[in-house]
Amino acid sequence: MSEDIFKKVISHAKEYGFIFQSSEIYDGLSAVYDYAQNGVELKNNLKQYWWKSMVQLHENIVGIDSAIFMHPTTWKASGHVDAFNDPLIDNKDSKKRYRADVLIEEHCAKIETKIEKEIAKAEKRFGDAFDKEQFLATNPRVVEYQKQINTILERMGKSLDKNDLEDVKALIEELEIADPVTGSKNWTEVRQFNLMFGTKLGATAEQAMDLYLRPETAQGIFLNYLNVQKTGRMKLPFGIAQIGKAFRNEIVARQFIFRQREFEQMEMQFFVKPGTELDWYEKWKETRLKWHKSLGLGDDNYRFHDHEKLAHYANAATDIEFRFPFGFKELEGIHSRTDFDLKAHEKFSGKKLQYFDNETNESYVPYVVETSVGLDRLFLAVFSNSLREEELADGTQRVVLALPAAIAPIKAAILPLVKKDGLPELAEEIVRKLRYDFNVMYEEKDSIGKRYRRMDAIGTPFCITVDHDSLKDNTVTLRHRDTMEQKRVAISDLPAIIDAEVNIKNLFDKQ
């Protein structure tokens, strides 16, 4: 069922101008996508909401835009040259390659599905008297399922932490995990594969310097930490935010835009006094979850997932996971990175990256708490959650993309009832009046009903129909996407009515 939903999401994204396969006329490039005319508007609106929330509304957070190319020693210092690997395993029969940790996590996800089925049965049985927390803690079957999951993930985490790839393979075999394509259990050994894309900088091949396309945006912030702190006269705690492209040579790239080779991150590194990092870690966990929930995608679709295996730089880490059509998966990572990055860059560069604390009269390397959300994953979460098919009162169906109005690509469509009698001219005049404040469009092709349906499918909150009465009394029919309610309003009232619904302040009020 969820696979069918996901296919509809992918199909709808292309049909209505949100996402295209990159280089499609050349049969495409695997795991690389282009954002189309409506997709780029939605993506930019998500960026704007994040940036305003993170930078504009925080006095102690500023933004930068660092270069994609960085000195190659950056990645040696950060640990990416030696430790930025995925554990890969091949199936000898299907010749398909998989991430070993993902195969194990998906096995656990199947056990989670059993838990959800038990919950659904109990909810049906007990009705309003159902206590979910008590059920999860006391039901023997559910407790056993959860124990299995915890045991598996704990073992995998320890094995990966020790780079014990033989035990990772042994775990796959003990769990009898089969190739999802063929059902074969004939696996190769597990091996590590570095994910960075290499390139060269220089006029000639002989003099060229080996570089990497950045696999994350965070290091650009760390390299500029002292510049920003001094020029901005920043005092701890303070943050540096950035939105930018990152690149990873994902061998197992799949699930549409969820896992790509070229993707965009929205990151903020928050610099704090050593010893306070875990308090700030908890505060940012709470703040970021509230931000996601303000989009109105359903509180039950989010959960925290603490890391079993901590990265080499972290002393605490969690993911905010979202319920995608293919299950709960990471949407945003929140990490307490300690002072690993700044100390490493101090060591490799020979430059001091310390902060002088006027209150204590001492210098030290700050600790860092990171929040990092994948913009493409956020797009997919919003898009897939908003797409729905509705049965109407007259027995017909409509497809509607019920996006939060504040981030919808087009805020209003202006539709002349017919293409004559002066209606197009009045409609275009309304477009000119509205377009300075809102992204609006003019549409005259097809019947008014078909135009309504197309705007529903694009996610446009308002349709404004210009008819013959409009020429007489300067009123139009305003149709609301979600309720399909129609009412006559004065043309002069349109800006205030639209703004009340689509203003991004509405989302801030929900945080």
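The questions and answers below go through the sheets, a helix, a hairpin and several single residues of this predicted model.

Biologist: In what order do the strands of the seven-stranded open sheet stand, and which are its edge strands?

Modeller: The seven strands follow the order β3-β9-β10-β16-β13-β12-β11, with mixed pairing. From one strand to the next, the twist averages 25 degrees. A strand at the edge pairs on one side only, and this holds for β3 (61–63) and β11.

Biologist: How do β3 and β9 run, and which residue is the bridge partner of isoleucine 61?

Modeller: Strand β9 covers residues 238–247, and three bridges join β3 to β9. The two strands run parallel. Within β9, the partner of isoleucine 61 is glycine 239.

Biologist: Which helix lies across strands of this sheet, and at what angle to β13 does it run?

Modeller: The helix is α11, which lies across β3, β10, β11, β12 (316–324), β13 and β16. Its direction relative to β13 is about 150 degrees.

Biologist: Which residues does UniProt list for "binding site", and how far apart are the farthest two C-alpha atoms?

Modeller: The UniProt record, an unreviewed entry, lists Arg99, Glu216, Phe263, Glu264, Gln265, Met266, Glu267, Glu370, Thr371, Ser372, Val373 and Gly374. These residues span 276 residues in sequence, and they do not all gather at one spot, because the farthest two C-alpha atoms are apart by 25.3 Å.

Biologist: Is methionine 266 buried or exposed, and what is its relative accessibility?

Modeller: Methionine 266 lies in strand β10, residues 262–272. Among the residues that methionine 266 touches are Leu46, Trp50, Ile243 and Val373. Buried means under 20% relative accessible area. Methionine 266 therefore counts as buried, with a relative accessibility of 0%.

Biologist: In which strand is valine 373, and what is its relative accessibility?

Modeller: Valine 373 is placed in strand β16, residues 367–374. The residues it touches include Trp50, Met266, Arg288 and Leu378. Valine 373 counts as buried because its relative accessibility is 0%.

Biologist: What does arginine 337 touch, and with which side chain does its own side chain make a polar contact?

Modeller: Arginine 337 is in strand β13, residues 327–338, and counts as buried at 1% relative accessibility. Among the residues it touches are Glu216, Phe222, Tyr313 and Glu370. At 2.9 Å, the side chain of arginine 337 makes a polar contact with that of aspartate 341.

Biologist: How many residues apart in sequence are arginine 337 and phenylalanine 270, and how far apart are they in space?

Modeller: In sequence, arginine 337 and phenylalanine 270 are 67 residues apart. In space, C-alpha to C-alpha, the distance between arginine 337 and phenylalanine 270 is 9.8 Å.

Biologist: Where does serine 294 lie, and which residues does it touch?

Modeller: Serine 294 is in the loop between α11 (277–293) and β11. This serine 294 counts as buried because its relative accessibility is 1%. Leaving aside residues up to four places away in sequence, serine 294 touches Tyr49, Leu507, Lys510 and Gln511.

Biologist: Which strands stand at the edges of the three-stranded open sheet?

Modeller: The order of this sheet is β5-β4-β6, and its pairing is antiparallel. An edge strand has a single partner strand, so one side of it is left without a neighbour in the sheet; the edges are β5 (97–99) and β6 (191–194).

Biologist: What span should helix α7 have, and how far apart are its end C-alpha atoms?

Modeller: Helix α7 has 22 residues, 140–161, which should span 32 Å at 1.5 Å a residue. This agrees with the model, in which the end C-alpha atoms of α7 are apart by 31 Å.

Biologist: What covers the buried residues of α7?

Modeller: The buried residues of α7 include Val142, Tyr145, Ile149 and Leu153. Their cover includes β4, α5 (100–126), α6 (132–138), α8 (165–174) and β11 (302–306).

Biologist: Which residue in the hairpin of β22 and β23 takes a positive phi?

Modeller: Five bridges join β22 (residues 475–480) to β23 (residues 486–490), and the two run antiparallel. Leucine 478 stands opposite lysine 487 in β23. Between the strands there are five residues, and the positive phi, near 60 degrees, is taken by methionine 484.

Technical notes. Residues are numbered from 1 along each chain as its sequence is written. This is a predicted model: local features need pLDDT of at least 70, side-chain atom pairs count only at pLDDT 80 or more; totals for chains, interfaces and linings use all residues. Side-chain values use heavy atoms; hydrogens and water are left out. UniProt positions are given in the numbering used here, feature names are shortened, and annotations may be inferred rather than shown by experiment. Helices (H or I, at least four residues) and strands (E, at least two) are DSSP runs, numbered from the N terminus. Buried means under 20% relative accessible area, exposed over 50%, partly exposed in between (1.4 Å probe, protein chains only). Contact means heavy atoms within 4.5 Å. Two strands pair if DSSP finds at least two bridges between them. The expected span of a helix is 1.5 Å times one less than its number of residues. A polar contact is a pair of N or O atoms within 3.5 Å; within protein, one must be able to donate a hydrogen and the other to accept it, and residues adjacent in sequence count only if both atoms are side-chain atoms. Axes are lines fitted to C-alpha atoms, for helices over the stretch in contact, and angles run from 0 to 180 degrees between N-to-C directions.
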